[in-house]
Amino acid sequence: MRGGRDACASRARAVSWSRATWRPSPDMGSLRCPSSSASHGSLPHLLLFLLFVGPFSCLASHSRATEILYSLNEGLPAGVLIGSLAEDLRLLPSAGGQDLQSQPPQHRVAERNPPLSFSLASQGLSGQYVTLDNRSGELHTSAQEIDREALCLEGGGGTAWGSSISISSSPSADSCLLLLDVLVLPQEYFRFVKVKIAIRDINDNAPRFPISQISVWVPENAPVNTRLAIEHPAVDPDMGTNGVQTYRLLDYHRMFTLDVEENESGERTPYLIVMGQLDRETQDQYVSVIIAEDGGSPPLLGSATLTIGITDVNDNCPLFTDSQINVTVYGNATVGTAIAAVQAVDRDLGNNAQITYSYSQKVPQASKDLFHLHENTGVITLFSKIGGSVLQTHKLTILANGPGCIPAVITVLVTIIKVIFRPPEIIPRYIANEIDGIIYLKELEPANTPIAFFTIRDPEGKYKMNCYLDGEGPFRLLPYKPYSNEYLLETTKPMDYELQQFYEIAIVAWNSEGFQVKKMIKVQLLDDNDNAPVFLQPLVELTIEENNAPNAFLAKLDATDADSGERGQVSYFLGSDAPSYFSLDSVTGILTVSTQLDREEKEKYRYTVRAVDSGKPPQESVATVVITVLDKNDNSPRFINKDFSFFVPENFPGYGEIGVISVTDADTGQNGWVALSVVNQSDIFVIDTGKGMLRAKVSLDREQQSSYTLWVEAVDGGVPPLSSTAKITILLLDINDNPPLVLFPQSNMSYLLVLPSTLPGSLVTEVYAVDKDTGMNAVIAYSIIGRRGPRPESFRIDPKTGNITLEEALLQTDYGLHRLLVRVSDHGYPEPLHSTVMVNLFVNDTVSNESYIENLLRKEPEISIEEKEPQISIEPTHRKAESVSCMPTLVALSVISLSSITFLTGMGIYICLRREKKHHREDDNLEVQTPLKGRIDLHMRERKPMAISNI
């Protein structure tokens, strides 16, 4: 995946170095512990060396600054090789043969002596995306995926597409770069390398429109090839050909097409082009989908709804459907009577469709004075009383005028019929509301509600008049006394709109000659809001399973209202006691729940719903909704704690109760039944499913194993069952059941040769012991409790380390065998344990008769036991433990938490210090261990006046 390695030689200044051999000094080598590696031990010395020589070698190092450019695609997974700095900087050893050339880079880097070390100079943002191998110098992608759009907000990227990763000679001007500073050590191969990683763009983003609904308005008279810019073009975070390249419409309606224009900055804007003749009156809107497509392979798409609205222009004029209408008017017609109405139609909208009516100039003024034309409605009414000299025929030419239009023309031919005999007249005077000859009454009006007065008049003045009511309905016509020819029309009972809404009756008047006239009366009842909505079910019981989908359908509530119009329109509302996540559509009555219901949170919901009509004032009715949430096995068993920790004293008896594992399941019934089991180490531990009691099958010994980690699984009874696990940590509390074990001296029969020339304060030997217990139970103190020899008080033992040193200079009288009885005691509670060992020191210039010394050792020593306890500064004492009741618990907890770390750290430091001290004694020519049974180097004896042998 990496190419162009040889290009590194020409991309920057030349890099050269000289091969040198670096050997660590004996002093540096002696400071290393055996467990540490050579590279880790030499690195601090190299850093110190660079600190001292850095200021003097900056001029020389300046020529070693190198710049390398890598490029890679964004979005690569972790572990992809970006490049090898060791290979690209030509720091690998030259291939002496085919075998070395075939070795991997990390092995070839290791051939350097000292080996190369690569490190980042700083951990910035770039370091999060790559990892650097400190040995081989290989750069790999990290687990943090590289997103070019997130790193470089202003775009950019390379143009190399040959492979996922390549080396380029120079970055482009709009590259998205990761910058790394790498130090190459040691000093012989020191380089300060600036690594630039150009991130190439991939097509990982689809075009996206800023808004989902785009509107464009086009006038209907727009000529063909009219171009209109579409606002809110699509955006694509990708760059170059991966960005937006073209646009298209899903449906062009055979009227439009799209064109794309690119400005100087490279932005592409779609333009809508009109390809046909538009007519708003034929179609006022076109809806299509605009699609943006990028240039990736495969290309990605983005879409939005494009609504093309056609705006109106004044391209239509008023038109009459007829060219002439004929009207007949009786000569006795009442002034104000509407005799005709003209109406023209304009298909435009708004101001473009406003029509006014007027008489043509050809209409005589006499006709204009007799008939009035309403300018806006086109209604022609009788303006004055028809006289005997009025012409019998009137030709009214009427113009319909529109803005910017030629007027439309219609002719109204009015014929006047002269009445020789004038029939009776009925003159109404309405009390109730009357509009256009229709009387409007409210329902539930009380009986005897007056409707209108009617006056019966004889125009001739010579006939007797009478009248009556004709028609069905709760009405009556009564003479209104004391006046003659006056009649009152009233109701006889309350009327119900829901039973009958319309009545048609007639007032009939006649004279003594038999001539009569009818006046038709139309009565329309007005609905009153006298009926409240009625639910079909006053109690609505519903069930739904928990974990429902959002906006889940619950029920459709239905209420009816016998009233009409707005008074019968029912709206639905939730009561104030309904939770906010329930929704009720006010129009359809569909009840939904917007969120998931959780039975464990609430099992039953009860609230009210209201059905309200639109009357004034409105009326309403109430129903109760009861929703029961059904249980699903959606809750895993849940432990009270994620981790359980139990402290158990060691030697705990088998099947003893360790602790209770508490677990719950929020589900109900079979879904909430829980069974417990031990997943691992079930051969040692068992758990009671009913009580959750954890027990150990066998006795536990801390010295064999100090802690146990268990996993307990809880499985419920659902179908399918759900489960969860918890981690159980059992820590064994130490009991002081192990006395110290003396490792050196190995037996009471061993002895050491002490030269008389040994200087006071010199280390003679040591007693080394360990304790399998931990904490205070493993703190060891050393003391000499018995002595025998010429002057055994010449030796003392360190109570902490067990080191035995010479206190006073040895005299001639001190020659011989010195026997020290050493007591090794721990600080266990409540009773410390101890062991004893005999340390035998033979003071002499040499060992000439080993059998003599061995005979002395076989004799039972007569040593008086000293009762002196070892003195060591340990703050916790038995007295404090007795006085403070909680001290044992605190000590036990501290022992458990620090026992392993303290023991291992202490042992490591002790062994390292002893070996380091031994190396120092060898380097400083202080002493040499000499086996008594081996040969002694006389030259060594002469150079070192004191020697100590350990057998």
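Reply: Helices (H or I, at least four residues) and strands (E, at least two) are DSSP runs, numbered from the N terminus. This is a predicted model, in which local features need pLDDT of at least 70, side-chain atom pairs count only at pLDDT 80 or more, and totals for chains, interfaces and linings use all residues. Residues are numbered from 1 along each chain as its sequence is written, and side-chain values use heavy atoms, with hydrogens and water left out.

Me: Where is Pro298 found?

Reply: Pro298 is in the loop between β14 (285-294) and β15 (301-311). The peptide bond that joins Ser297 to Pro298 is cis, with omega about 0°.

Me: Which residue does a cis peptide bond join to Pro617?

Reply: Lys616 is joined to Pro617 by that bond, and omega is about -5°. Pro617 lies in the loop between β41 (604-613) and β42 (620-630).

Me: Why is His232 called partly exposed?

Reply: Buried means under 20% relative accessible area, exposed over 50%, and partly exposed in between (1.4 Å probe, protein chains only). His232 has a relative accessible area of 37%, so His232 is partly exposed. His232 sits in the loop between β10 (227-229) and β11 (244-249). Phi of His232 is near 60°, a positive value in a residue other than glycine.

Me: What makes Asn547 partly exposed?

Reply: The relative accessible area of Asn547 is 28%, and therefore Asn547 counts as partly exposed. Asn547 is not a glycine, yet has a positive phi of about 60°. The loop between β35 (539-545) and β36 (552-556) holds Asn547.
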